[in-house]
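Hello,

Here is the structure I promised to pass on. Please look it over first, then read my notes below.

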Amino acid sequence: MDIIAQLVVSGISVGMIYSVVAFGYQLTFATSNTLNFGQGEALMLGSLVGFSVVTRLIAAHFGAGTAYAIMLPIVLIVGAAQGILVEWIAVRRGARSRSSVTWILATIALGIILRNIAENVWGRDPMKFPSPVSEQPLIFGSVRVQPMEILIVIGALALMLAVELFNRRSIYGKAFVATSIDRSAAELVGISTTRVISMSYALSSLSAAFAGVLIAPVTLTGAGIGLALGLKGFAVGIIGGLSSGLGVIAGGLILGIAETLTGYYISSGYKDVPGLVMLLLVLSFRPFGLFGKASIRKV
Amino acid sequence: MINRRLFLSVLLATPIALDMAHAADPIKIGLSGPFTGGSAAMGISMRDGVRLAVNEINAAGGILGRSVQLVERDDEAKNEMGVQVAQELINKEEVVATLGFANTGVALAALRFYQEAEIPVIINVATGTAVTANAPSPSYIFRTSASDSLQTQMIAKEVAEVRHFTKAAIFADSTNYGQLGKEDMLKALDKYGLKPVVVEKFNIGDTDMTAQILHAKEANAEVLITFGIGPELAQVANGMNKLNWKVPFIGSWSLSMGSFIDAAGANANGAIMPQTFIQESSTPKRKNFIEAYQKKYSVDRIPSPVSAAQGYDSVYLLAAAIEQAGETDGPDVRKALESLNKKVEGVVTDYDKPFSATDHEAIDASVPLMGKVENGRVVSATQ
């Protein structure tokens with residue numbers, strides 16, 4: 001029982017990272033029916049930029065926690081900028097055409113370019129990200145959790161909540177929701193849908209960058225972390241449903257916990273299997289996701 | 001009279017001078033190692049140790065009066081890159097010998113090209129036993145690092161004889177190095193009648209070791225034996241601290257890698273591993289080597305002291321063989337290596353007939369000792 005509790009808790013923090021990445025996919029899909037397949041690289045860039053900023057601040061004698069707090073807005077801005085760039089280069093031209101291939105390939109290509117740039121700037125070695133909180137685990141009964149893992153869950157939920165509030169309360173948020181419901185109608189009432197789509201890409205990469213600095217103190221950071229996380233985030237997005245906010249949280253938790261349980265009970269070599277198996281099952285039986293709504297295309 | 005003599009001597013000297021100009025072609029030696037990626041600490045330290053030795057040799061006049069030119073290639077710790085590098089060094093660059101290889105898998109993939117081309121290779125970091133053991137005779141593969149069969153015997157002795165443990169857990173990575181090392185470890189433990197209580201695997205790039213550690217904890221393992229490289233081993237140490245599994249951490253020599261010590265921080269203290277070389281100025285030769293390295297590369301702690309020292313020594317062994325053979329032809333250099341008649345003073349040890357026709361391992365059981373991680377550095381464990 002203790003073991004299961006420990007595995008579930010480990011799975012939750014990993015799962016929340018997948019949820020945040022999936023959330024990013026969802027944001028752009030809602031407004032433009034496109035996805036940024038370089039999402040994993042946005043996460044990687046966020047964590048590496050955060051690493052550079054934090055290590056420089058620590059070298060200037062700031063405390064690890066203060067350095068982290070100062071670094072956060074910088075990383076969020078960099079993430080947003082990267083999102084706007086991706087949308088402008090890769091998606092804008094391709095989104096208008098019938099075929100999805102253009103923006104799929106373009107965002108993948110941009111992701112690869114970004115990874116190569118990162119490898120040249122930061123090298124290919126994994127590096128240790130200084131943790132803003134103590135690394136000694138907190139003990140709850142028989143379960144041991146690192147403070148950073150709790151911070152990951154809080155941070156992820158806070159981000160998704162913030163975006164939700166933004167959507168409901170601010171006028172820009174309402175424009176966002178309007179565009180996602182019906183793009184032509186939104187154009188008709190004077191909303192600049194191009195700007196809304198740009199903004200959704202900015203928010204999407206911002207979320208990924210935020211996820212990057214959340215997870216970096218727990219795992220090691222490096223130019224290669226984006227690939228696996230981007231892929232699993234995508235799987236969570238599909239599993240949970242690209243139109244449902246709660247869906248990605250549920251999907252992320254399911255995947256995270258399934259991974260840690262598989263790793264223990266079956267074999268650590270098979271850890272990546274449950275995510276992919278679930279993806280296949282969901283695509284076969286409920287392609288709009290466990291929590292998504294079936295979309296009816298009127299002819 | 002004088003004019004004619006002068007004229008004749010100039011005439012006679014010219015072809016000799018021309019001949020010497022031709023013979024001043026540099027001797028090309030290949031260097032294959034991982035200079036990027038998780039193994040980079042080993043590759044870079046090895047390369048820097050080799051460069052130090054080559055500079056010293058060139059400053060002293062080179063080998064056979066010719067300067068040494070290093071042809072360096074990054075094999076990225078990937079087997080297929082190692083093959084590509086080997087083919088380029090042999091066919092395009094036409095090296096007379098190659099030094100290097102930090103990764104067992106890369107070595108296993110690339111060595112047959114050297115063997116076919118009859119070009120000697122001195123492996124100075126990779127430790128997989130199969131690398132030299134499986135070579136056909138006459139073998140062109142030599143080694144100055146401590147083989148895994150030797151290391152596993154030392155680890156098994158430490159576990160069974162010195163500390164009297166009966167329940168060991170083995171964590172090995174999924175590369176050739178990890179899995180072959182695990183096999184060697186099983187054999188070594190078997191000699192003491194011991195079987196490990198758990199054997200776990202992890203991949204390069206894995207960061208979460210919770211499942212493996214929980215398995216070992218459940219099985220009441222008394223000691224953890226590891227076969228992997230720095231970043232993943234650091235995650236194991238960090239995971240052990242997080243899950244409160246505090247047992248002695250003994251592993252292969254890769255626990256001395258800077259990437260392990262830095263990423264694990266305080267959790268690395270107490271880790272024990274066999275070492276051929278510890279960064280301590282215990283002899284004048286070692287002191288000079290360490291100081292020269294620190295000065296040239298502006299570091300205090302050598303990222304992988306073992307790799308640097310073994311790399312340095314491999315150059316001197318090769319140089320001695322080429323001098324003895326009198327030329328750079330592969331088969332002759334090989335025969336010279338197998339029967340070195342001069343003692344070579346190295347940083348790891350002094351080499352007195354280190355190789356023979358049947359034994360291509362320079363390091364035997366008398367050389368390595370156990371090192372221990374303490375506060376960011378590796379020190380001797382028997383202090």
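Helix H7(B) covers residues 176-190, so 15 residues in total. From first C-alpha to last, H7(B) reaches 21 Å, close to the 21 Å expected at 1.5 Å a residue. (The expected span is 1.5 Å times one less than the number of residues. Helices are DSSP runs of H or I, at least four residues; strands are runs of E, at least two; both are numbered from the N terminus.)

This is a predicted model: local features need pLDDT of at least 70, side-chain atom pairs count only at pLDDT 80 or more, and totals for chains, interfaces and linings use all residues. Residues are numbered from 1 along each chain as its sequence is written, while chains are lettered from A and ligands numbered from 1 in the order written.

Which residues of H7(B) are buried? Among them are Tyr177(B), Leu180(B), Met185(B) and Leu189(B). (Buried means 20 or more other C-beta atoms within 10 Å of the residue's own, placed from the backbone.) Their cover includes helices H4, H5 and H6 and strands S6, S7 and S8 of chain B.

Now the chain contacts. 22 residues of chain B touch 21 residues of chain A. (Contact means C-beta atoms, placed from the backbone, within 7 Å.) On the chain B side, H8(B) gives the most, with five residues.

Last, the largest nonpolar core has 197 residues. (Such a core is a set of buried Ala, Val, Leu, Ile, Met, Phe, Trp, Tyr and Cys residues joined through C-beta atoms within 7 Å.) Its largest share, 14 residues, comes from helix H8 of chain A.

Best wishes

Terms used. Contact = placed C-beta atoms within 7 Å. Buried ≥ 20, exposed ≤ 12 C-beta atoms within 10 Å, placed from the backbone.
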